[in-house]
Amino acid sequence: MTVTLQRHGAIAVVRIDNPPVNAVSHAVRQALMDAVAQTESDAKIGAVVLACAGRTFVAGADVKEFDAPPVEPHLPDVIAAIEAADTPWVAALHGTALGGGLEIAMGCHYRIADPKARMGLPEVTLGLVPGAGGTVRLPRLVSADLAVAMVAGGKPITARAALDAGLVDALAEGDLLEAALAFAETRPEPRRTLDLPVVGKTDPEAFDKIAANLRRKARGQSSVAIAVEALERGLTLPPAEALAEERATFLSLKTSDQARGLRHIFFAERATLADPRTKIEPRALTHIGVVGGGTMGAGIASLCLMRGLSVTLIERDDVSVEAGAERVRATLEGSANRGLLNDLDGAWARFQSATDYNALAEADLVIEAVFEDMSVKKEVFAGLDAATKPDAILATNTSYLDVNDIAACLKDPSRAIGLHFFSPAHIMKLLEIVLPDAVADDVVATAARLSKSLGKIGVFSGVCDGFIGNRIMSSYRSEADRLLLDGAWPSEVDAAMRTFGFPMGIFEMQDLAGLDIAWAMRKRRRAEGKLTGNESRIADRLCEEGRFGRKTNGGWYDYVDGRAQPSQHVAKVIDEERDAERMALSQDDIVSRILGALRREAEALLEEGIARSADDIDVVMVNGYGFPRWTGGPMFSAWSGS
Ligand code: 3H9
């Protein structure tokens with residue numbers, strides 16, 4: 001049963017039970033409608049508590065139904081029926097009351113929340129606006145500034161913030177259901193949210209500032225600006241009119257390319273670890289070793305500490321240990337200041353550092369994040385092989401190197417795996433889990449579990465030079481280089497890709513990272529015979545001149561007071577390297593050539609079996625490399641034609 005009705009004296013408890021997140025499916029909508037009819041027609045029922053079984057209150061409409069036309073009863077009608085009821089409805093909120101879930105709660109006459117609950121309207125993140133009254137009821141409960149932040153920003157708020165703002169009436173001190181029942185026993189008069197006046201703006205400038213900020217960060221995602229407009233209508237129009245407009249906007253956005261793209265990536269992100277090996281018992285992980293205390297190593301160490309693990313950081317000498325430990329401390333403090341870490345002292349107490357691998361004797365997993373050089377990595381792995389427990393997992397954070405080769409220096413290569421984190425490791429969502437040929441099944445299971453417990457989106461990749469993401473980005477760089485030879489300027493390529501929705505252009509990105517990194521790699525690949533020597537000749541020339549990017553005040557751009565400016569010198573170098581007449585290239589030409597190159601590389605990754613699915617490639621590009629999320633990723637947008 002998706003919805004049950006139980007009597008507790010004169011109180012009816014209507015309980016939704018639709019695992020995993022109590023999404024409002026058609027069956028739930030119908031059952032809620034029936035529950036309203038039943039409770040309204042039963043004179044013995046004095047009040048209704050609406051609660052949910054399992055881990056959460058309703059987390060939204062069932063997104064899986066969004067590709068089909070809506071079927072009656074529609075959610076706005078269900079909510080209208082609850083709100084119109086003569087029997088008071090009290091919502092008991094726990095877990096995450098999101099989207100349609102919060103809209104149902106706002107249609108109830110009162111709301112009691114578990115102190116750990118969170119509430120939000122994340123529809124905008126799915127390319128939508130709330131479609132069941134969220135933009136009309138929310139501003140009647142909370143200030144317009146908070147309402148715009150929630151509707152157009154999509155981030156949930158805590159139960160405490162919801163109480164302070166007026167979104168919930170009380171927090172449960174003990175058991176949530178008990179508290180809701182006790183409240184319902186008082187038989188409060190139905191208080192209908194739509195009958196309340198809008199709360200209005202606390203500060204006339206705050207609303208505009210929040211809206212402008214969210215619009216600016218939207219990077220081409222249209223639902224953000226549309227959500228602000230919908231909320232403005234909720235603030236100003238008569239409720240019935242605002243509700244009708246909101247519903248029409250929701251329905252038209254639901255079938256838009258952007259919403260389809262965002263839905264695709266939402267489900268693709270949740271399917272990346274679907275592999276039989278992730279179902280088996282993982283190895284226990286409590287103590288993590290990290291070798292290398294540079295930016296990446298310190299970031300990984302901090303992340304593990306923030307997620308409750310114990311960490312021992314290894315560096316080659318006392319000075320480096322000290323510097324690494326300071327980086328960890330600074331990252332933890334920064335995270336605590338930003339509210340991402342509650343127990344700074346507890347996390348720091350779980351941190352140790354040493355110069356000797358013997359300190360890793362009890363480690364369950366060691367992640368090396370040392371200099372990107374095969375001989376250095378092999379030396380580290382040989383040292384770890386001798387110092388660690390035989391069943392400890394040994395992981396490399398390499399971005400490019402052959403993980404099979406690294407694994408081969410172990411007596412038991414089945415315990416080696418690649419864990420390719422992205423910098424800053426405690427922030428970036430993506431984790432490429434690189435599977436060498438000999439990896440043990442339970443090592444795969446453990447890496448998948450770790451990825452989840454670290455809050456990452458883990459994607460499996462086969463072993464190749466650069467794995468999924470860097471391979472595709474290399475094709476982006478190469479096509480961008482070809483565009484220069486054909487007639488585009490770096491600033492034109494960057495502007496086109498920024499207009500498309502990338503946060504930064506490829507040449508700006510290279511200037512930021514340092515051109516010397518890719519140069520070193522090209523030299524290595526040429527020495528290995530993997531490159532012909534003819535590629536990236538413009539970049540080579542810039543590197544030969546010492547133009548490594550921002551850090552040398554010049555790369556693809558010149559930097560004046562830290563601001564990038566097109567460089568006449570670079571234009572001259574490009575002109576000299578062009579062997580044909582300049583072609584006129586529009587922004588569309590540039591974007592479609594680059595997307596074409598990305599997709600060809602993605603196809604190659606699928607053919608070679610490096611990526612398991614096109615969806616995984618989309619997830620990697622969106623979460624690790626700035627590919628605009630609303631496109632659904634390069635592969636989805638290719639076949640969906642958007
Ligand atoms: C909306 O409400 C529109 C309304 O305004 C108007 C309507 C008329 N539907 O994330 P997890 C599945 S729009 C269907 O791994 P967590 C998910 O696919 C919606 N399925 O768990 C996964 O399935 P599987 C507004 C959903 O604990 C499983 O649940 N709401 C939905 O890390 C577990 O998910 C949102 O945007 C859904 N709505 O996080 C909320 N949600 O096990 C979206 C989840 O087969 N959801 N699933 O892989 C979330 O943000 C997170 O899932 C949540 C739990 C925080 C709830």
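In this predicted model, the second largest pocket is lined by 16 residues, and those that lie nearest its centre are Ser474, Arg477, Ser478, Arg525 and Leu531. Two elements give two or more residues each to this lining, namely α18, which spans 467-486, and α21, which spans 515-527. Of the elements involved, α18 gives the most, with six residues. The volume of the second largest pocket comes to about 340 Å³, and its lining, sorted by class, consists of eight charged, five polar and three nonpolar residues.

Rolling a probe the size of a water molecule over the atoms shows where empty space is left. The count comes to one cavity of 30 Å³ or more, and the volume of the largest cavity is about 40 Å³. Its lining is formed by Leu285, Leu365, Ile393, Ile417, Leu419, Val443, Thr446, Ala447 and Leu450. Here the elements that give two or more residues are strand β15, at 416-421, and helix α17, at 441-453, with α17 giving the most, four residues. By class, the lining of the largest cavity has eight nonpolar residues and one polar residue, with no charged residues, whereas the lining of the second largest pocket has eight charged residues.

From these spaces we turn to a sheet and the helices around it. Strands of a sheet pair through backbone hydrogen bonds, either parallel or antiparallel. Strand β5 and strand β7, the latter made of residues 118-120, run parallel and are joined by three bridges; in β7, glycine 120 is the bridge partner of leucine 98.

The axes of α3 and of helix α2, residues 75-84, come within 8 Å and cross at roughly 25°. Because angles under 35 degrees count as roughly parallel, α2 and α3 are described as roughly parallel to each other. In their contact, Leu75, Ile79, Ile82 and Glu83 of α2 meet Gly100, Glu103, Ile104, Met106 and Gly107 of α3. The residues of this contact divide into five nonpolar, two polar and two charged.

A further helix pair can be read in the same terms. Two packed helices are described by the angle between their axes and the distance between the axes. For helix α5, residues 144-153, and helix α8, residues 204-217, the packing angle is about 10° and the axes are 8 Å apart; α5 and α8 are therefore roughly parallel to each other. On the α5 side, the contact is made by Ala144, Asp145, Val148, Ala149, Ala152 and Gly153, which meet Ala206, Phe207, Ile210, Ala211 and Leu214 in α8. By class, the contact of α5 with α8 comprises nine nonpolar residues, one polar and one charged, while the contact of α2 with α3 has five nonpolar, two polar and two charged residues.

Methods:
Residues are numbered from 1 along each chain as its sequence is written. This is a predicted model: local features need pLDDT of at least 70, side-chain atom pairs count only at pLDDT 80 or more; totals for chains, interfaces and linings use all residues. Side-chain values use heavy atoms; hydrogens and water are left out. On a 1 Å grid over the protein atoms alone, a cavity is a set of points where a 1.4 Å probe fits but cannot get out, and a pocket is an open set with protein on both sides within 12 Å along at least five of seven lines; lining residues have an atom within 4 Å of a point. Grid points are joined across faces, edges and corners, and a volume is the space filled by probe spheres set on the points. Ala, Val, Leu, Ile, Met, Phe, Trp, Tyr, Cys and Pro count as nonpolar, Asp, Glu, Lys and Arg as charged, and the others, Gly among them, as polar. Two strands pair if DSSP finds at least two bridges between them. Axes are lines fitted to C-alpha atoms, for helices over the stretch in contact, and angles run from 0 to 180 degrees between N-to-C directions. Angles under 35 degrees count as roughly parallel, over 145 as roughly antiparallel, 65 to 115 as roughly perpendicular and the rest as oblique. Contact means heavy atoms within 4.5 Å.
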